[in-house]
Amino acid sequence: MQFEVWAPLTDRVALRLREATYEMARDPDRAGWWTAEAEAAEGDRYGFLLGVAPGEEPGQEPVRPDPRGRRLPDGPDGLSAVVDLEPLTPRAPAPGTRLQDAVLYELHIGTFTPEGTFDAAAARLGHLTALGVTHVELMPVCPFPGRHGWGYDGVAPWAVHEPYGGPAGLARFVDAAHGAGLGVVLDVVHNHLGPSGNHLPAFGPYFTDTHHTPWGAAVNLDAAGSDEVRAYLLGSALAWLRDYRIDGLRLDAVHALADGRALTFLEELSAAVDELAAETGRPLFLIAESDRCDPRTTTARGAGGLGLHAQWNDDFHHALHCALTGESQAYYADFADAPLAALAKTMTRAFFHDGTWSSFRGRSHGRPVDRRRTSAHRFLGYTQTHDQIGNRAFGDRLAASLSPGLLACGAALALTGPFVPMLFMGEEWAAGTPWQYFTDHPDPELAEAVRSGRRREFAAHGWKAEEIPDPQDPATRDRSCLDWAEPESAPHDRLLAWYRTLIDLRRTHPDLRDPDLGAVRVAYDEERRWVTFRRGDVRVAVNLSPEPVTIALGRNGVRVLAAWEPVEHPGPDGRVHVPAESAVLLGP
């Protein structure tokens with residue numbers, strides 16, 4: 001078996017396999033690469049010795065895990081293990097659902113079930129197929145210190161977190177999902193690595209001080225040595241799609257990628273994914289998280305864009321959140337003065353910030369979307385995400401403060417609106433469990449820094465520091481696990497049925513999947529708190545007020561398709577009477 005590693009900063013590399021040490025030779029055809037041949041079997045532990053690192057005595061150099069290792073059975077600071085990928089490749093055919101026909105479901109393996117494993121999550125896939133979603137969007141699964149965490153502190157972009165089930169567990173999950181008719185999207189993090197267990201700097205210039213990010217030195221995408229760093233991240237991304245047959249990737253915070261090269265990393269990645277899709281005949285896609293409000297993120301590469309296939313639309317979320325809750329703190333301030341106007345703008349023009357003033361940022365922000373050339377399917381719409389829940393002081397969901405009726409209204413706006421819908425696990429039944437920020441750092445200094453830093457952050461905004469949940473307390477994670485007894489009991493079961501109805505209507509009514517943003521028509525009354533919009537021949541009327549309202553839809557002969565509260569069909573005058581905090585869908 002051949003072992004290889006890129007380590008350009010040292011003049012000696014050795015392979016430690018089981019208890020034996022093998023000197024590695026420079027690869028004459030690839031600068032900075034070292035290779036060695038050795039017999040190895042599945043599960044054998046191995047790592048690399050890199051000369052003598054600064055501050056280390058000769059003979060005391062640590063054995064470091066393989067940067068491209070697929071398995072870290074003992075965690076980020078342990079050795080890698082040999083993995084035979086061939087038996088792991090999922091066998092069930094991928095459903096092949098296109099992004100424009102998708103309804104995504106964001107899921108965290110560690111809290112979707114109390115067990116927190118791929119196998120336990122796979123046992124619950126029947127719930128998702130009955131719900132009607134098309135794709136599971138897994139939050140990051142790369143190894144991170146400890147057992148429990150969100151996954152954004154991962155340190156090994158080619159490997160799979162062992163407590164979740166490791167590579168074999170992920171392969172079984174993807175196979176089970178495909179067998180159930182569900183696609184799988186994986187959240188990957190390229191803008192930083194976690195602060196603990198990160199061995200990459202010892203191998204090469206994976207990071208650069210040329211740029212600084214909220215996490216420190218930037219991932220090296222444009223300084224000396226960046227060709228190999230890009231290849232490392234590109235190879236990792238393609239491995240998920242090729243070796244595990246995952247159907248798409250969500251790219252975390254692409255606005256934080258510091259990249260000054262003419263051909264950006266994101267363009268390289270999108271080109272490589274498109275090439276793999278053509279090669280395999282599978283509709284692979286990339287979904288960006290970006291706060292730039294820049295349509296170039298999803299504009300085709302040939303038209304001067306980055307070529308990503310879709311992006312999260314936080315502007316739609318923020319407008320909808322303000323309309324539902326009345327909150328106005330932090331970035332919600334930009335949307336709070338006239339939330340229904342903001343909502344109407346996002347539903348017809350995608351971005352609220354399209355060159356407009358942002359009071360939160362203290363400057364103008366965003367760029368207009370060309371509705372003639374940009375499909376609505378380039379954007380994801382949602383009422384809740386892991387960020388928008390977990391980054392609150394107490395991880396409280398909308399269900400903690402809104403009535404079932406307002407939750408039903410939010411669902412109607414997201415699931416019948418113009419964008420590709422995405423749910424966050426448990427929202428479909430108004431889960432009573434919070435989703436809080438939790439960590440499991442073994443390093444006591446880092447653990448205390450995270451704990452005190454989070455409490456200090458929220459204390460500055462008026463919360464009592466001692467009331468903020470301790471991220472390191474195992475109870476914080478346990479509170480965040482879904483309660484699977486809830487969906488079968490009132491009032492959760494009623495909202496679950498509503499979500500199923502909305503998703504089914506989206507599937508069976510092509511007008512609700514129409515990609516033409518220019519065809520969306522929205523009317524609203526800010527004072528009376530109602531909004532109605534048209535998608536082809538389908539009308540949606542939403543009343544956020546605690547009082548019933550009458551809305552004139554025009555003489556169009558529509559009838560009620562579904563309603564949260566009982567609603568009579570419109571009369572000859574085209575008026576519909578919508579009960580308080582309710583939504584109704586109407587069609588021919």
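**Entry 1. Helix 8, burial**

Because 10 of the 12 residues of helix 8 are buried, the helix is largely enclosed by the rest of the structure.

I note that this is a predicted model, in which local features need pLDDT of at least 70 and side-chain atom pairs count only at pLDDT 80 or more, while totals for chains, interfaces and linings use all residues. Residues are numbered from 1 along each chain as its sequence is written, and side-chain values use heavy atoms, with hydrogens and water left out. Helices (H or I, at least four residues) and strands (E, at least two) are DSSP runs, numbered from the N terminus.

**Entry 2. Helix 8, length and ends**

At the start of the helix, a side-chain oxygen of Asn 313 comes to within 3.2 Å of the backbone nitrogen of Asp 315. After the helix I found Gly 326, with a positive phi near 80 degrees.

**Entry 3. Helix 8, partners**

The axes of helix 8 and helix 10, lines fitted to C-alpha atoms over the stretch in contact, come within 8 Å and cross at roughly 150 degrees. Helix 8 is therefore roughly antiparallel to helix 10 (angles over 145 degrees, on a scale from 0 to 180 between N-to-C directions). Among the residues that meet there are Phe 316 and Ala 319 in helix 8, and Leu 343 and Met 347 in helix 10.

I looked up Ser 270 in helix 7 (residues 265–280) and found it buried, at a relative accessible area of 0%. Its side chain reaches the backbone oxygen of Leu 306 at 2.9 Å.

Asp 247 lies in the loop between helix 6 (226–243) and strand 14 (248–251), and is buried at 8% relative accessible area. Its side chain and that of His 178 are joined by a polar contact of 2.8 Å; such a contact is a pair of N or O atoms within 3.5 Å, and within protein one must be able to donate a hydrogen and the other to accept it, with residues adjacent in sequence counting only if both atoms are side-chain atoms.

Methods
Buried means under 20% relative accessible area, exposed over 50%, partly exposed in between (1.4 Å probe, protein chains only). Angles under 35 degrees count as roughly parallel, over 145 as roughly antiparallel, 65 to 115 as roughly perpendicular and the rest as oblique. Contact means heavy atoms within 4.5 Å.
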